[in-house]
Amino acid sequence: ILRVFFILKSVAHLAPSNVLGLFAFEMFPHRVKISWQSSKADSSGASNSSGESSKESSRCSTPVLDADRSDRLRDKMRRRIESGDHWFSLEFFPPRTASGAVNLISRFDRMGSGGPLFIDITWHPAGDPGSDKETSSMMIASTAVNYCGLESILHLTCCNQTKDKITGYLGKAKHLGLKNIMALRGDPVGADWEEEEGGFNYAVDLVKHIRSEFDDYFDICVAGYPTGHPEAESYQQDLRHLKEKVDAGADFVITQLFFRAETFLKFLDDCRTIGITCPILPGIFPIQGYQSLRQLVKLSKLEVPEEITSILEPIKDNDAAIRNYGIQLAVEMCRVLLDSGKVPGLHFYTLNREVATMEVLRQLGLWTEDPRRPLPWAVSAHPKRKVEDVRPIFWASRPKSYIYRTQDWDDFPNGRWGNSSSPAFGELNDYYLFYLKSKSSKEALLQMWGEELLSEESVFEVFTFYITAQSNRCGQKVLCLPWNDEPLAQETNLLKDELEKVNRRGVLTINSQPNINGKPSTDPIVGWGPAGGYVYQKAYLEFFTSSENVTALLKVLKKYEPRVNYHIVNVHGRNLTNAPDMQPNAVTWGIFAGREIVQPTVVDPVSFMSWKDEAFALWIEQWAKLYEDESPSRMIIQYIHDNYFLVNLVDNDFPLDNCLWQVIDDMFELLDSPAAPPCEDATP
């Protein structure tokens, strides 16, 4: 009690948020979550001071900052409808090639930043859609959920499939974390529909089968046709078929595309008249090209209104003009739909393109890029991971790799990150899994990283050009590194000048964060979590550097202990650290109204050894292999891989100025002095 009193007295001049941050970490420097209760009351009201209760009290009672993560898609829709908050969703189709899969995943990340409620992935029977191929519908949908954090709907059709095969696909989808299915009959392979023995011939039968075999696990979407299905006997008969699908268990409807707002609004009224009460989302197709419009109209058997064709014909060879017209037409139609008060959300057929759809959404005010994140790292949408709220900081720039390596964990960290009890990380032997591939081609990487390397200093230059965003000697900007496939984050730009200085001298940084002391959670650069909170960070720096530098660094670090924690390791496993008892070190945390302290990133000495293997391997797998065997360039990268050390430094005094730059300066000063130390202390 006295210790708490003196701590509070010593920081009484600070803002309340700073007092709270200092209190939490003075009292519990290695706890990942701090509970305000030291004991837990049992059902009789008595205090229970057992070890298990103490453990439970340190676990966050509300680990999920974003309530939507734990809800079903239909619940999200219901809340948005009740609040009057409009939304949008996006449709994509699987690509034909592996490189197309890489590009599509990048598009998911970009278009996901605008805040779609969900995306959906079409099912192409000719493309082995239920397989493990990187171009299959199943794998693209799984990647969207698990690696891009997007709520996703997987299309499933009856075409050429037996009941048992469909059941197998549904079971696989559930195992992969997919929770939503769009149940369709599907287009016939030939001119006419052919019945599948032991299969289904109508979407309503597929809906019934899903409910029969999987009860209420999946949210089910079905298709609606504003002008009636082209094979239906009449518009009224098709409406009755739609009601049958909804009555069989469908949760909502997405319609085929249309060209006039009144077409959808009439369809919507007719659906309500016959008792269809679930959400019905209009399918919006921004015209992006003359040929793509013709192809889509052919497949859907729709007729383009004369007032549209009369405008398109004279400009059919001008893609830019058609796209601009398509954007204008879509915006006008969507405004009529939204202003009607009957349409809660819009579903866009993107054709795997982004420019037109994003522009329509921006003009409608639906594209909302919120710089705040629920947590500082990308959240997976897999239902099994919904409690996950803490990760090691090492994978900050490679979140998809982290998810891949932890995909088989039975339990995910919630409330604290253990050390020796942490689950084993899976191996990452295939660095070219399509969701981990660089978005840049081999040719582009060589232009950025050097067609030919002449020395270690050539590598230093690559890192420096990446930090500064300046063009290299060949006039090419370095937009990525093996450890960072994106340009510098805004947060890292706060450290840009210092990072440039150290990289020029061979401190090759791959991860860093500035110290933050009580910034609002709404801050556009470092903010995360709900509004009205405060975020904190310890300064962190992670880099590769030579054994000579490490020898000097170890001498310098002696005078910075215990303020600075370090962990230094080489590819051979030489391991140097001052981490107390190999315990995790909290480096990011947030304080929010009505919640316990949330601690989403740590520096963990145990998992650092797993990250070490991956970090060193990237030198070879993504850089050295660009060059011929035995070439000077490849040998330079191989030398760095074999002889450099991977270092992480944490400055624990987050309220003070970051001291890590002074640590590096002292290291260089020692190296530059006439009595520079020998290098044998840090040799492998």
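**Figure 1. The largest cavity of the predicted model and its lining.** The largest cavity has a volume of about 100 Å³. Everything shown here and in the views below comes from a predicted model. A total of 15 residues line the largest cavity, and Asn-565, Ala-579, Asn-585, Val-603 and Pro-605 are those that lie nearest its centre. Two strands, β16 (564-570) and β20 (645-651), each supply at least two residues of this lining. Strand β16 gives the most, with 3 residues. If you sort the lining of the largest cavity by class, you will find 7 nonpolar, 7 polar and 1 charged residues.

**Figure 2. The second largest cavity, where helix α13 has the largest share of the lining.** To find the second largest cavity in your viewer, look for Leu-257, Phe-258 and Phe-259, then for Phe-285, Pro-286 and Ile-287, and finally for Gly-326, Leu-329, Ala-330 and Met-333, which line it. Helix α13 (residues 319-339) contributes 4 residues to this lining. By class, the lining of the second largest cavity has 9 nonpolar and 1 polar residues, and no charged ones.

**Figure 3. Helix α5 and the elements that cover its buried residues.** Helix α5 runs over residues 98-112, which makes 15 residues. From first C-alpha to last, α5 reaches 21 Å, close to the 21 Å expected at 1.5 Å a residue. The buried residues of α5 are Gly-100, Ala-101, Val-102, Leu-104, Ile-105, Ser-106, Arg-107, Phe-108 and Met-111. Two strands, β3 (87-92) and β4 (118-121), are included in what covers these buried residues. The cover also includes helices α6 (137-146), α14 (355-364) and α15 (399-405).

**Figure 4. Ser-137, a buried residue of helix α6.** Helix α6 is included in the cover over the buried residues of α5, and Ser-137 lies in α6. Is Ser-137 buried or exposed? Ser-137 counts as buried because its relative accessible area is 1%, and the cut-off for buried is under 20%. Leaving out residues up to four places away in sequence, Ser-137 touches Pro-94, Ile-121, Thr-122, Trp-123, His-124, Pro-129 and Leu-154.

**Figure 5. Helix α9 and the glycine that follows it.** Helix α9 (residues 235-247) has 13 residues. Its span from first C-alpha to last is 19 Å, close to the 18 Å expected at 1.5 Å a residue. Tyr-235, Gln-237, Asp-238, Leu-239, Leu-242, Lys-245 and Val-246 are buried in α9. What covers these buried residues includes helices α8 (203-214) and α10 (261-273), together with strands β7 (219-224) and β8 (252-257). After α9 comes Gly-249, with a positive phi near 135°.

**Figure 6. Val-602 in strand β19.** Strand β19 covers residues 598-603, and Val-602 has its place there. Val-602 is buried, with a relative accessible area of 0%. Phe-394 is 208 residues away from Val-602 along the chain, yet their C-alpha atoms are separated by 8.7 Å.

**Figure 7. Trp-619 in helix α21 and the residues around it.** Helix α21 spans residues 605-623 and includes Trp-619. Trp-619 has 0% relative accessibility, so it counts as buried. Not counting residues up to four places away in sequence, Trp-619 touches Val-459, Phe-463, Trp-483, Leu-508, Phe-544, Ala-624, Ile-637, Ile-640 and His-641.

**Figure 8. The whole chain and its confidence.** This last view steps back from the close-ups. The chain holds 23 helices and 20 strands. Of its 684 residues, 55% count as buried. Among contacts between residues at least 6 apart in sequence, 74% join residues at least 24 apart. The mean pLDDT of the chain is 87, and 87% of its residues reach 70 or more. Over residues 1-70, however, the pLDDT is below 50, and this stretch has 107 contacts in the model beyond near neighbours in sequence. Where pLDDT is low, predicted coordinates should not be read in detail.

Conventions: Residues numbered from 1 in each chain as written. Predicted model: local features only at pLDDT ≥ 70, side-chain atom pairs only at ≥ 80, totals over all residues. Heavy atoms only, no water. Expected span 1.5 Å × (residues − 1). Buried < 20%, exposed > 50% of the residue type's maximum accessible area, 1.4 Å probe, protein only. Contact = heavy atoms within 4.5 Å. 1 Å grid on protein atoms, 1.4 Å probe; cavity = no way out; pocket = protein on both sides within 12 Å on 5 of 7 lines; lining within 4 Å. Points joined across faces, edges and corners; volume = space filled by probe spheres on them. Nonpolar A, V, L, I, M, F, W, Y, C, P; charged D, E, K, R; others polar. pLDDT = per-residue confidence, 0-100.
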